[in-house]
Amino acid sequence: MFCIKKCGTESCKICKPVSLPPEVFKDLHFLPFPEDKDGIHYKPFIEVYGSAQSDVNTNPPQKEGKKKQACVANNRGIGHGIPFSPSAQTTNTVKECVYCIECERPRVIYAKAKLAEQEKAILLRILDCLQYVCGSVLQHLKSTDDKTPRVNKLLDKVFVRANLTCTSYVEIPYFSSKSFVDVCVICGTMDDLVYREHYYPICNICMELHAEEMKKKTIFRRK
């Protein structure tokens, strides 16, 4: 977070004159960083505004038990939450991804049957304005008053995995469907990819840390 405040000096040639009354401007403080309260929650804004802050922990650690509970709550406790198998086949019925605004990994959108052209157009409009975060589900976009029946009907058909987090690797159907550009299976970047036989694409940086991970499964076919 980056904050700028005028110096308040009348002779300053960089800052424009302060428009607030001097007594009000004097009491203005920079926006505070979040401060840990109890390992789970942050302190209220009113408690930290104007206080001296140094080496503030903006990501308070969670206790193990509560962290596990939060994870289950975030992922709905229902596995992937899709009423059919998320596979390469149900990936190719849509051939679209949504990107997490936090980790920037592509997350596959699944549908049991191929979408009609009009449905695909509606989905693309939704994705244009959607700020998706791993663990979210598309069904939360449905209107409760049914003012958008076509959107609601579409959202009964398309799904993303509900049990993803920002540490989850790129899903295997992303690669096995052959519908998308190659990305690193670990972090999702398209840069500096390394290709090895029997392994999914991986970037140079992730290869140093996860060199032996994400080997493709061998499929034995009867002759």
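Student: Which residues does Leu 141 touch, not counting residues up to four places away in sequence?

Tutor: Leu 141 touches Ile 126, Leu 130 and Leu 155, where contact means heavy atoms within 4.5 Å. This is a predicted model, in which local features need pLDDT of at least 70, side-chain atom pairs count only at pLDDT 80 or more, and totals for chains, interfaces and linings use all residues. Residues are numbered from 1 along each chain as its sequence is written, and side-chain values use heavy atoms, with hydrogens and water left out.

Student: How far apart are the C-alpha atoms of Leu 141 and Leu 155?

Tutor: They are separated by 7.8 Å, and the two residues are 14 residues apart along the chain. You'll find Leu 141 in the loop between H5 and helix H6 (149–155); helices here are DSSP runs of H or I with at least four residues, strands are E runs with at least two, and both are numbered from the N terminus.

Student: How do you know that the side chains of Glu 119 and Lys 157 make a polar contact?

Tutor: Their distance is 2.5 Å. A polar contact needs a pair of N or O atoms within 3.5 Å; within protein, one must be able to donate a hydrogen and the other to accept it, and residues adjacent in sequence count only if both atoms are side-chain atoms. With 2.5 Å, this pair is listed as a polar contact.

Student: What makes the pair of Phe 84 and Phe 159 edge-to-face?

Tutor: Let's start with the search of the whole structure, which finds four aromatic pairs. For Phe 84 and Phe 159, the ring centres are 5.6 Å apart and the planes stand at 80°, so the pair is edge-to-face. Rings of Phe, Tyr and Trp (its six-membered ring) pair if their centres lie within 6.5 Å, with planes under 30 degrees apart counted as stacked, over 60 as edge-to-face and the rest as tilted.

Student: Why does this pair tie together parts that are 75 residues apart in sequence?

Tutor: Because Phe 84 lies in the loop between helix H3 (64–74) and helix H4 (88–91), while Phe 159 lies in strand E4 (residues 158–159). Both Phe 84 and Phe 159 are buried.

Student: Then why are Tyr 174 and Phe 180 called stacked?

Tutor: Their planes are at 15° and their ring centres 4.8 Å apart, so the pair is stacked. Ring pairs link Tyr 174, Phe 175, Phe 180 and Tyr 200 into a cluster.

Student: How do you know that Phe 180 is buried?

Tutor: Phe 180 has a relative accessible area of 19%, so buried applies. Tyr 174 is buried too, with 1%.

Conventions: Buried < 20%, exposed > 50% of the residue type's maximum accessible area, 1.4 Å probe, protein only.
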